[in-house]
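Below are some short notes for a colleague who has not seen this structure before.

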Amino acid sequence: MFGKISATVLIVHDLDRCRAFYQDMLGLKAVFTDDNSAAYRMGDQDFLLLKEAAAAEMVGDEALGKGASHRVLLCVGVEDVDADYKALTAKGLAFIKPPKSQDWGRRTAYFADPEGNLWELWHLLPDEQK
């Protein structure tokens, strides 16, 4: 019934601020923008920023909940966490946690976007790359 998740939609308060972060800081290229959204391609997946008011119109205010916090942790595999950490900190991104080798076989680093959505950058540690 269900296949692979093909899109991730972040519901945001300040679309302009988030758009600037994802384009200027992370270097994503928009494939579509309008007054309510900004769409990007990440590999074979769609990634969309959607204004809260537009999301409420789509799914209803009740589904979003009054004052609810819709936090998410997005994990993206990269070739070299340390190199990406250095490049992004040079651009001014403040990481929550710097690169660290984890017991579960990945090297990770964590940051948040302007609205508090969490991101994990990771690569497999050499012993896990089989």
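1. Contact here means heavy atoms within 4.5 Å. By that criterion, and leaving aside residues up to four places away in sequence, Tyr 22 touches Leu 10, Gly 27, Leu 28, Tyr 40, Phe 47, Leu 49, Asp 113 and Trp 119. The model is a predicted one.

2. The largest nonpolar core has 21 residues, and Tyr 22, Phe 47 and Leu 49 touch the most other members. Two or more residues each come from β1 (7–12), α1 (15–25), β3 (37–42), β4 (45–51), α4 (81–90), β7 (106–112) and β8 (118–124). The largest share, five residues, is that of α1.

3. Which residues of α1 are buried? They are Leu 15, Cys 18, Arg 19, Phe 21, Tyr 22 and Met 25. As background, an α-helix has 3.6 residues a turn, so residues three or four places apart point the same way.

4. Both ends of α1 deserve a look. Just after α1 comes Gly 27, which has a positive phi of about 80 degrees.

5. The largest pocket has a volume of about 240 Å³. Its lining consists of Leu 26, Leu 28, Met 42, Val 76, Gly 77, Val 78, Asp 84, Leu 88, Phe 111, Trp 119 and Leu 121. At least two lining residues are supplied by each of β5 (73–77), α4 and β8.

6. What classes of residue make up that lining? Nine are nonpolar, one is polar and one is charged.

Note on methods. Residues numbered from 1 in each chain as written. Predicted model: local features only at pLDDT ≥ 70, side-chain atom pairs only at ≥ 80, totals over all residues. Heavy atoms only, no water. Core = buried A, V, L, I, M, F, W, Y, C linked by side-chain atoms within 4.5 Å. Buried < 20%, exposed > 50% of the residue type's maximum accessible area, 1.4 Å probe, protein only. Helix = DSSP H or I, 4+ residues; strand = E, 2+ residues; numbered from the N terminus. 1 Å grid on protein atoms, 1.4 Å probe; cavity = no way out; pocket = protein on both sides within 12 Å on 5 of 7 lines; lining within 4 Å. Points joined across faces, edges and corners; volume = space filled by probe spheres on them. Nonpolar A, V, L, I, M, F, W, Y, C, P; charged D, E, K, R; others polar.
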